[in-house]
Amino acid sequence: MASITDAGGDRTPLLHDSNMEYSGGEAENTIPPTPMISTNPKQRLVSLDVFRGLTVALMILVDDAGGAFPSINHAPWFGLTLADFVMPFFLFGVGVSVSLVFKKVENRLEATKRVMERSIKLFLLGIILQGGYFHGRGDLTYGIDLEKIRVMGVLQRIAIGYMLASVLEIWLVNNTAVNSAITFVKRYSYQIVAGILVGVMYLGLLYGLYVPDWNFDASSLRMTQRTLLGANSQTVYCGIRGSLEPPCTAVGFIDRVILGENHLYQRPVYRRTKECSVNSPDYGLPPPNSPSWCLAPFDPEGILRPGLHHILVSIIFLQDQKQRIVIWFVSSLPLLMLGYLLSVTGVPLSKPLYTLSYMFVTAGASGVLLTVIYFIVDTRCIRKPTLLFQWMGMNALVVYALAACEIFPAAVQGVYWRSPENNLVDFSERLLQWVFHSDKWGTLIFVFVEILFWGFAAGFLHFKRVYIKF
């Protein structure tokens with residue numbers, strides 16, 4: 001299923017941009033004495049590697065330090081935090097890669113076949129990593145009941161986004177040469193229309209679909225949680241349309257009907273809301289008289305999540321980098337401003353619902369961030385400060401699987417001295433907490449060390465010319 005290829009091979013566009021040339025192998029990391037502007041349209045976009053690596057590092061940061069600093073963790077329901085940018089950044093990077101990979105397609109059927117194969121592989125990998133088989137750091141057990149396996153997840157969402165964006169790029173892109181904003185719109189007119197249609201369909205379901213009352217089974221919850229509920233079967237009363245509150249959304253209803261409640265994420269973010277946690281915005285016991293839906297499942301990466309980020313693709317066809325930067329900013333800033341205006345006029349920011357305001361703000365922010373990185377890394381050729389992120393981006397999938405999905409730290413914890421708590425991972429974190437006289441700041445420093453470790457590990461793979469693809 002997995003394979004290893006060197007820098008000259010065809011690497012996957014799922015988290016990588018394949019078919020783009022390295023600027024001279026190892027020489028791509030050589031920093032010129034003075035800033036240089038490249039005019040080679042086939043030169044590898046180092047900024048895209050940096051963007052991907054920064055996204056993976058950000059995911060490690062918010063996942064591992066979010067417990068100590070809830071303000072950077074996902075917003076409990078409404079709002080926008082640092083963690084809520086991670087998934088849009090992933091989707092945006094995939095869209096950019098797709099526009100590069102399928103810039104010229106000689107055989108559309110063959111290209112579509114490869115896309116489908118890679119999408120299926122990535123989707124299955126996501127189920128393996130996030131379906132519940134691996135229990136993560138702090139739990140030395142593994143295994144999953146097939147009746148309770150989680151179907152959706154981060155990699156599954158990326159696989160679906162990659163498949164849709166690739167099919168649009170392969171079959172619906174005009175052959176118009178892009179040299180201005182107008183020709184860009186002409187070239188991607190079908191994609192823009194498709195994106196609008198998806199958005200309209202999503203809004204129609206979100207606000208128009210009737211959500212009936214529903215039940216969920218609480219028998220699998222911990223004893224303390226079942227005691228708080230008082231019964232195994234709980235009823236959530238809805239009978240409403242257009243609700244954006246956690247218990248009665250159309251997105252949750254569709255997931256429950258199609259996937260089933262047993263196959264959804266069992267620890268949703270709304271358990272950190274004030275209604276559901278005494279430690280809000282962190283997890284905690286439900287307060288007295290809390291609603292029963294607080295302990296119900298909900299998947300933030302469920303079926304009805306349109307994710308329009310792949311439409312905002314790179315304009316790689318332009319020869320002039322200054323013109324490219326201008327168009328990126330012109331494309332990104334209006335989305336950012338439109339999302340903000342929607343958020344202050346009644347359309348709340350919500351990652352679990354992928355509201356329009358959330359999608360526009362995060363898509364615009366993704367474009368602005370990539371533009372800034374592109375100007376620094378590819379235009380001005382200032383690469384030393386971003387070298388670790390570049391390495392991580394070139395092997396983003398393996399870093400994500402081993403670090404963000406906690407496969408590696410869980411494996412290291414499997415070797416301990418007398419007691420499972422006496423392992424290298426926990427000892428290192430406790431040592432830093434002792435050195436800095438703070439659990440919170442010691443954990444944060446530990447996460448930064450973890451990111452550095454994976455940066456250098458990815459750098460080692462790069463210098464060995466090893467890249468993992470699916």
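This is a predicted model: local features need pLDDT of at least 70, side-chain atom pairs count only at pLDDT 80 or more; totals for chains, interfaces and linings use all residues.
User: Which elements cover the buried residues of α15?

Analyst: Let's start with what needs covering. The buried residues of α15 include Leu444, Phe446, Val447, Ile451, Trp454 and His462. Their cover includes the helices α1, α11, α12, α13 and α14, together with β6.

User: Which helix gives the most residues to the nonpolar patch?

Analyst: The patch lies on the surface and is formed by Leu424, Phe427, Leu431, Trp434, Val435, Phe436 and Trp441. Together they have about 790 Å² of accessible area. Phe436 sits in the loop between α14 and α15. The most, 5 residues, comes from α14.

User: Is His437 buried or exposed?

Analyst: His437 belongs to the loop between α14 and α15, and its phi is positive, about 55°, although it is not a glycine. A residue counts as exposed over 50% relative accessible area. His437 has 73% relative accessibility, so the answer is exposed.

User: Which two residues does the cis peptide bond with omega of about 15° join?

Analyst: Most peptide bonds are trans. With omega at about 15°, the cis bond joins Ser280 and Pro281.

How values were computed:
Residues are numbered from 1 along each chain as its sequence is written. Side-chain values use heavy atoms; hydrogens and water are left out. Buried means under 20% relative accessible area, exposed over 50%, partly exposed in between (1.4 Å probe, protein chains only). Helices (H or I, at least four residues) and strands (E, at least two) are DSSP runs, numbered from the N terminus. Contact means heavy atoms within 4.5 Å. Patches are made of residues with over 30% relative accessible area and no salt bridge: like charges are joined within 9 Å, nonpolar side chains (Val, Leu, Ile, Met, Phe, Trp, Tyr) within 5 Å. Accessible areas come from the Shrake-Rupley method with a 1.4 Å probe; for residues, only the protein chains shown count as cover. A salt bridge is a side-chain nitrogen of Lys or Arg within 4 Å of a carboxyl oxygen of Asp or Glu.
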